[in-house]
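User: I would like to go through the terms used for this model and see what each one rests on. Please set each value against its definition.

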Amino acid sequence: MTAGRDYDVLVLGGGLVGAAIAHGLTRRKLRVAVLDEGDLAFRASRGNFGLVWVQGKGRGMPAYADWARLSADLWPEFSAELEAITGQPVYYRKPGGLALCLSESEMEERATLIRGMHNQQGPKGYDCQMLDRKAVREMLPQAGPAVVGASYCPHDGHTSPLHLLRALHTAITQAGNDYLPEHRIEQLEGLAGGGFRVVAAGKTFAAPKVVLAAGLGNPGLGRQLGLNLPIRPQRGQILVTERLPAMFHYPINGVRQTAEGSIMLGSSQEEVGFNNSTSVDVLSRIASRAVRAFPVLAGANLVRTWGALRVLAPDEFPIYLEAPDYPGAFIATCHSGVSLAGAHALRYASYVAEGRLPAELAPLHVRRFDVQTAARTEPRAHRISGR
Amino acid sequence: MFKRRHEPNHALTVYLDGDPITAAAGDMVAAVLLASPDPRCRATPVSGSPRAPYCMMGVCFDCLMEIDGVLNRQACLVPVADGMRIRRQPRPEPMALT
Amino acid sequence: MSPQYDLAIVGGGPAGMAAAVRAAAFGLHTVLFDEQPAPGGQIYRAIEAVAGGRPQDLPILGPEYRRGIALVEAFRKCDATYCPGTSVWQLTRELELGIVDAGGARMVHARHVLLATGALERPVPFPGWTLPGVMTAGAAQGLLKASGMLPDVPVVFYGGGPLLYQFAWQLAQAGVPVAAILDTGRRANYVAAAPYLPAALAAGDYVAKGLRLLNGIRRHRIPIMRGVSDFQALGNDRVREVAYRQGGTTHHMAAGLVLVHAGVVANCQLTQSVPCRHEWYGPQRAWRPVTDPWGNTDLAGIQVAGDCGGIGGADAAVHAGRIAAFEAARRLGRLSGDQRDTLAHPDRLAWRRHLLARPFLDALYPPSPGTLAPDDATLICRCEEVTAGAIRAAVRLGGTGPNQVKSYTRAGMGPCQGRECGLTVTEIIAAERGLAPEAVGTYRIRPPIKPLTVGQMAGLDDATR
Ligand SMILES: Cc1cc2nc3c(=O)[nH]c(=O)nc-3n(C[C@H](O)[C@H](O)[C@H](O)COP(=O)(O)OP(=O)(O)OC[C@H]3O[C@@H](n4cnc5c(N)ncnc54)[C@H](O)[C@@H]3O)c2cc1C
Ligand SMILES: Cc1cc2nc3c(=O)[nH]c(=O)nc-3n(C[C@H](O)[C@H](O)[C@H](O)COP(=O)(O)OP(=O)(O)OC[C@H]3O[C@@H](n4cnc5c(N)ncnc54)[C@H](O)[C@@H]3O)c2cc1C
Ligand code: FES
């Protein structure tokens with residue numbers, strides 16, 4: 001059976017990355033179908049922390065630091081327009097964000113990172129400063145004595161990732177394009193004369209272009225185009241409390257009060273493969289750190305905990321490219337798909353539409369891993385920190 | 001909405017929004033509330049609509065009250081104690097969304 | 001962590017208590033956790049307090065309730081460690097239980113786990129079901145058991161099922177005026193149930209008891225309306241009246257308290273959180289864990305007994321508890337397979353006999369069409385205040401199952417964790433998509449399944465350090 005419609009682009013994967021790009025293509029009046037899995041799937045987009053974050057991103061990769069900052073700059077426009085089109089709130093706020101330090105050594109480590117970023121970004125500047133104990137307490141009166149200081153970046157913000165995903169799906173379908181869940185891609189084929197054929201849910205779809213945005217499913221799809229995409233799952237566990245009165249004005253790495261009032265605590269970084277369950281040892285460490293930072297949280301009831309899988313390259317930066325042997329096939333895979341939604345919708349989609357990725361994204365091509373040593377990519381086990 | 005059939009064997013006093021009321025040993029906090037003139041326990045965070053205990057067995061979480069200074073306790077699962085301070089919960093202050 | 005107990009039982013109702021008594025008799029080092037302050041479970045709630053301190057309430061509660069006295073006495077005498085006021089908020093495949101009591105949270109490890117967490121009253125969404133003054137019939141009955149309290153305002157019953165009639169009769173006996181019983185049951189239900197009547201008659205006194213109840217209610221001249229639909233509770237800050245349709249017209253009736261009941265469903269929160277394998281049980285329109293005849297789930301060392309494995313009622317639960325204990329004793333090396341079979345035989349026969357009544361009751365009291373497919377304006381998720389219409393819209397947007405619908409709408413994200421909306425959401429999605437509920441699935445349940453504070457969770461870190 002052939003899908004009844006003609007499409008300009010097939011977007012493979014309907015998480016935040018695929019949906020943001022599909023929304024951007026929709027804005028440019030292209031005919032798009034988003035093919036996604038169903039109710040039960042590894043979908044980082046519904047298990048993440050919701051930060052739209054700049055600080056600390058892109059150490060050792062200026063292209064990514066710039067891209068993350070660009071996305072944060074685009075977010076106000078991106079979210080306002082999305083809300084206007086759909087009438088649905090995404091609760092984006094940009095008060096600036098803090099990364100807390102709970103010991104002198106954490107403070108030193110953080111200061112070194114931020115200093116490094118300043119040096120790396122050079123004349124472009126890097127808006128992030130270290131705050132002492134007193135300055136932090138002025139911004140976050142609930143901070144406990146364990147809080148030694150923080151780094152603060154005015155470009156940081158947060159959103160509701162779930163509302164965001166819903167608004168993106170709404171924008172896509174509202175404009176007449178298709179969001180097709182329960183369409184797990186069984187086969188992806190680059191055609192000899194150009195263009196692509198995709199088989200999903202027993203139907204065949206064809207289009208001149210495809211975007212591979214299937215998160216942890218991307219390596220499997222990439223292989224069908226002769227690409228080796230070195231992506232692995234990394235688990236993050238998160239705890240969420242009941243709805244509480246407003247108390248945190250700023251998003252903090254590891255503590256975020258949502259628009260609904262519930263407070264998210266997280267998240268771990270664990271190399272456990274395709275396993276998104278939770279474990280008390282990790283959850284209790286996250287909780288204990290949160291209570292040290294904000295003793296007032298001790299009395300809040302937990303409503304839920306969960307594990308979700310990040311989509312991670314060996315160096316943890318995004319992977320963007322057009323498949324060398326299959327022009328028209330674009331790959332977009334990243335951690336921080338919330339933060340990057342602005343750039344994906346308003347920039348990456350345009351590159352896809354125009355059929356060319358800009359030179360600025362070249363450092364994020366997958367070929368960077370061909371020259372890297374294995375040592376650099378050794379997975380680190382079980383950390384708990386910001387994200 | 002409810003009344004006791006008999007005088008309590010072991011009466012004790014709890015404070016509902018500051019007012020003393022008589023309870024019986026073995027009562028759950030929610031029972032005392034339902035025997036008071038106003039069965040409401042809270043206003044919801046989402047819409048501020050009034051709620052009262054619904055299931056009395058720990059399932060619905062509608063009976064959340066402030067008990068001895070702790071917010072959001074399930075009043076249908078907490079036994080009364082002499083001198084306990086019970087408060088109805090107003091709608092929590094919502095987040096400023098700008 | 002090395003196991004502190006041979007057997008950990010969750011739930012101190014008839015199933016859990018009966019299992020504890022048997023298991024302890026085999027010398028198994030047994031612990032029983034229950035969140036209530038006293039043993040008895042739902043049906044025998046506060047039985048010791050009533051028997052000891054308020055015997056005047058016993059006649060109202062009837063001979064069935066009295067049966068709990070002997071069960072609780074035997075349980076109190078047995079060697080199992082009893083931990084009341086203790087909630088189990090997590091169970092892992094490794095048989096570690098997260099518990100929380102007045103002293104805080106702890107993890108305990110057992111060699112074998114028996115879940116006897118009972119049943120929940122089925123959620124019955126209708127416009128106004130969140131108003132103060134709307135409660136479940138079981139909730140009001142619980143007040144009578146635990147506190148000797150009765151309604152002092154006009155009571156309207158809505159729904160159906162044995163518990164509804166039982167409690168209406170108890171109220172009438174106690175002199176509480178019942179304005180009406182608005183039963184959603186239709187004539188077709190009798191036709192559907194008729195073939196199962198002979199089996200139900202063989203099951204014991206279930207049918208006779210039901211007829212006695214109905215006669216009692218008639219004697220008290222309580223009006224019973226059948227085939228009721230489009231029920232609403234009306235009022236601003238609390239219920240003032242109800243509206244409903246019957247016989248083609250809309251009726252209004254003053255009410256101070258609306259007691260709702262549409263049967264009970266298995267409480268699978270803990271088994272779903274592990275997760276054990278579950279199946280949709282069509283006759284009861286609810287999930288239940290998949291088990292073998294001994295209550296073993298698909299996960300080694302995790303067993304269920306009583307109503308949390310599928311509704312069978314209090315008497316069946318006692319036998320199921322014992323059967324499970326014999327199997328636990330075999331698994332833990334105290335009995336051979338043959339010994340287990342011999343010992344369990346009488347309970348097995350009795351258990352089967354009690355279950356003979358179920359197909360009849362299930363067919364006679366199915367949830368009404370309005371309960372399974374509420375109007376768009378009706379709230380489905382009480383916690384997050386999500387309507388049926390919002391859920392249907394989420395399905396159209398691409399939410400093909402409860403988890404994506406939840407992610408779109410927040411239904412199921414509140415403190416009750418889907419206990420009050422899960423079944424309805426599954427039914428609505430199934431209807432929208434033209435699929436069976438089984439194909440649609442259910443919420444992924446995650447710990448903590450009982451309230452736990454951030455501080456208590458943090459305390460576990462210090463404890464393990
Ligand atoms: C714990 C945690 C916290 C995080 N916190 C943040 C944060 O604060 N800020 C931030 O910016 N980012 C954060 N992230 C990262 C962010 O969530 C991800 O980068 C982003 O969601 C990735 O989106 P995606 O669309 O690439 O992947 P996914 O959301 O995983 O979506 C991929 C989609 O592709 C579908 N799919 C897979 N295979 C196939 C196939 N064969 N056919 C059809 N469909 C397929 C899947 O079903 C899924 O819907 C966090 C992630 C985690 C796990
Ligand atoms: C309100 C109500 C009234 C009922 N009335 C009748 C009746 O009159 N006649 C009849 O035959 N049946 C009745 N039933 C059906 C009832 O389920 C069974 O009769 C019987 O109680 C089942 O016994 P059980 O041992 O399986 O579970 P239950 O008696 O329900 O016992 C389960 C126990 O487990 C505890 N528990 C559950 N989860 C946890 C946890 N996570 N941590 C700690 N403790 C936990 C509960 O507090 C409860 O004490 C009623 C059910 C309900 C809900
Ligand atoms: S009344 Fe339902 S949880 Fe307390």
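User: What makes the largest nonpolar core a core, and which residues have the most contacts inside it?

Analyst: The largest nonpolar core has 96 residues. The term means a set of buried Ala, Val, Leu, Ile, Met, Phe, Trp, Tyr and Cys residues joined through side-chain atoms within 4.5 Å, where buried is under 20% relative accessible area, exposed over 50% and partly exposed in between (1.4 Å probe, protein chains only). Trp67(A), Phe78(A), Leu164(A), Tyr320(A), Tyr348(A) and Leu97(C) have the most contacts inside the core. Another core, of 92 residues, lies apart from it and includes Cys76(B), Ile9(C), Leu144(C) and Ala328(C).

This is a predicted model, in which local features need pLDDT of at least 70 and side-chain atom pairs count only at pLDDT 80 or more, while totals for chains, interfaces and linings use all residues; side-chain values use heavy atoms, without hydrogens and water. Residues are numbered from 1 along each chain as its sequence is written, and chains are lettered from A and ligands numbered from 1 in the order in which they are written.

User: Which residues is Tyr348(A) in contact with, leaving aside its neighbours within four places in sequence?

Analyst: Among them are Ile21(A), Trp67(A), Tyr320(A), Phe330(A) and Leu361(A). Contact means heavy atoms within 4.5 Å.

User: How many residues form the contact of chain B and chain C, and what area is buried there?

Analyst: Chain B gives 37 residues and chain C gives 47 residues. The buried area is about 3600 Å², with 59% from carbon and sulfur atoms; this is the accessible area (1.4 Å probe) that two parts lose on being put together, summed over both. Met1(B), Phe2(B) and Tyr54(B) supply 24% of the area that chain B buries against chain C, more than any other three residues.

User: Why is the pair Asp62(B) and Arg382(C) called a salt bridge?

Analyst: A salt bridge is a side-chain nitrogen of Lys or Arg within 4 Å of a carboxyl oxygen of Asp or Glu. The N to O distance here is 2.6 Å, so the pair meets the rule. The interface of chain B and chain C has 3 salt bridges.

User: How many salt bridges does the rule find between domain 1 of chain A and domain 3 of chain A?

Analyst: The rule finds 0 there. The domain bounds come from an automatic or database domain assignment, with domain 1 as 9-86 + 161-230 + 315-377 and domain 3 as 232-312. The two bury about 1600 Å², of which carbon and sulfur atoms give 69%.
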